Each structure stands twice: as C-alpha cells, then as structure tokens.
Amino acid sequence: MFKTRLITALCLIPIVFWGLFFLHGLSFQLFTGLVVVLGAWEWSSLAGMRDLRDRCVYMAAIGGSLVLLSLLSSVQVWLLLPGVLFWLIAAYWVVRYPQAQGWHTRRSMTLIGWWVLVPLWLAMVWLNAVANFASWLVYLLFLVWGADTGAYLAGKRFGKTKLAPQVSPGKTLEGAAGAFLTVSLLAVVFSSLSVLPLSFASLWVLSMPIVLVSILGDLLESMCKRAAGVKDSGKLLPGHGGILDRIDSLCAALPCYVFAIWALGWV
C-alpha cells in the first residue's frame, strides 16, 4: 500500500505543480476543469447514481456549467457568494447529522455536488488572473495542508474529545486546536518573509475562518461517504482513494478564501 501511495504521489506532484503554476488562461481552465469533472464522476457515485449513462450525464452537466461560466467576458468573483453561503447550510447538516433531513436524496446530492465543485473551479480561475496569483495560492495550499497535518499530529498525540463523532469519529477538538496553532505559525512565517502584502494580524484574521471552513469541507465529504456506505470517494488515485478525498478541504476553503481577499480589497 505504501509503495502504491508513493508511486502515485511521485507521478501526480509534478503534474499538479506544472498545472497550477505554469498554465494560464484557457489551458489553466481546462486543467482545473478536468479535475472538477473527474470529481463530478466520483460525486455521482456518492449521489447514488449507478447507471453509467446517468453518471456521464452528470459529468457533462458539471462540465457544461464550467463552459458557460468561461464564456463570460471575465469571471466575476461575486458569483462565488452563493457558493460561500452554501457552506453555512453544509455546517447545519454536519452539526445535525444524522438527524438533518432531506440532504441525502439523489436530487439533493446532485445539487450539492454542483455547489461543492463548480465554485472551486470558479475561484481557481479568478485567482489565476490576479497579478500575484502564485503567492496567494501557495499560502492557501500551505494553510490547508498545514492545518491537516497539525490536526493529524495533535489529534494522534492529544486527541480525546470527539469533534463530530457521528460524521468522522477520528477527528477531535484537540486535533482542530492543532490545526489552528499550525496555521498561526504559518501566518508568522509568511508575514515575516513578506510573501504577501499583509501583516501578521491580517493573515491571522483571514486564516482562522478559512481553517474552520476547510475542516467543514472534510467533514461534509466524510458525511456523504458515510451515508453512501463507502470508505473512499473513488479509486482514481491508487493508494489514495479518489480525487475528492484529496480536494475536499480545498472545495470549501478556496472559494471562501478568494471571496474574502476580494471583499477585503487585498487583490
């Protein structure tokens, strides 16, 4: 298993790095669009679609949404607002699981997949067009991955109090505290290096809610997988599960992050 995970990672890392940091314009839209469409393939299974035709139609519908958005003269960041507000509803479902009703019908899951995936692509495309795109994206990736690593290490060492036992029994409040501490340290480092034109206080204020939303993204996917009775979202990444298993936190964090830095006038 470790060998398979390692080989997959060694193959994917250079491709992802090249796609995110060296592609621009239409090529970037196509690259990120491919990731989103593959994510839609996995989501169709979580939504209960078993027929191949239905799953392909769902992929095409998500892909068609991206095409329609790309035909706009310029991607408008305010279009992210409904996607940001969606995560407030998702928070209610996660907190109320399994008592919350109505979200796990096939129709509801189909729509949820749209709100999870399409804003992710929209945020990526908009961010790619800003002058210091790489700096903003690098910070977000460090933020999300750092939070995940900090949560894992703190949870493994100190974890006792369950965060959402019905959704993801392995996650703890101590792990979440580790995530916030790790991101606070990252804010110190990035502000000291002047990677972004923000003070430590500004970075910290930006980062804390984004970490919270990234945890929510992870919990939402865990909830959907639990309801579907599966461990992984798919098998597209040998040894790692599915694409959604790798981008669940980003699906929540990136749209909120981009909308926040735009609304605050930082880009």
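Buried means under 20% relative accessible area, exposed means over 50%, and partly exposed lies in between, with a 1.4 Å probe and protein chains only as cover. The model is predicted, so that local features need pLDDT of at least 70 and side-chain atom pairs count only at pLDDT 80 or more, while totals for chains, interfaces and linings use all residues. Residues are numbered from 1 along each chain as its sequence is written, and side-chain values use heavy atoms, with hydrogens and water left out.

Select Lys231 first: this residue is exposed, with a relative accessible area of 70%. Lys231 forms a salt bridge (a side-chain nitrogen of Lys or Arg within 4 Å of a carboxyl oxygen of Asp or Glu) with Asp232, the closest N and O atoms being 4.0 Å apart. Asp232, at 32% relative accessibility, counts as partly exposed.

Next, select Lys225 and Asp245, whose salt bridge has its closest N and O atoms 2.9 Å apart. This pair links distant parts of the chain, 20 residues apart, with Lys225 in helix α8 and Asp245 in helix α9 (residues 243-263); helices are DSSP runs of H or I with at least four residues, numbered from the N terminus. Lys225 counts as buried at 12% relative accessibility, and Asp245 counts as buried at 10%.

Then show Asp51 and Arg53, a salt bridge in which the closest N and O atoms are 4.0 Å apart. Here Asp51 is partly exposed at 37% relative accessibility, whereas Arg53 is exposed at 62%. A search of the whole structure finds five salt bridges.

Methods
Helices (H or I, at least four residues) and strands (E, at least two) are DSSP runs, numbered from the N terminus.
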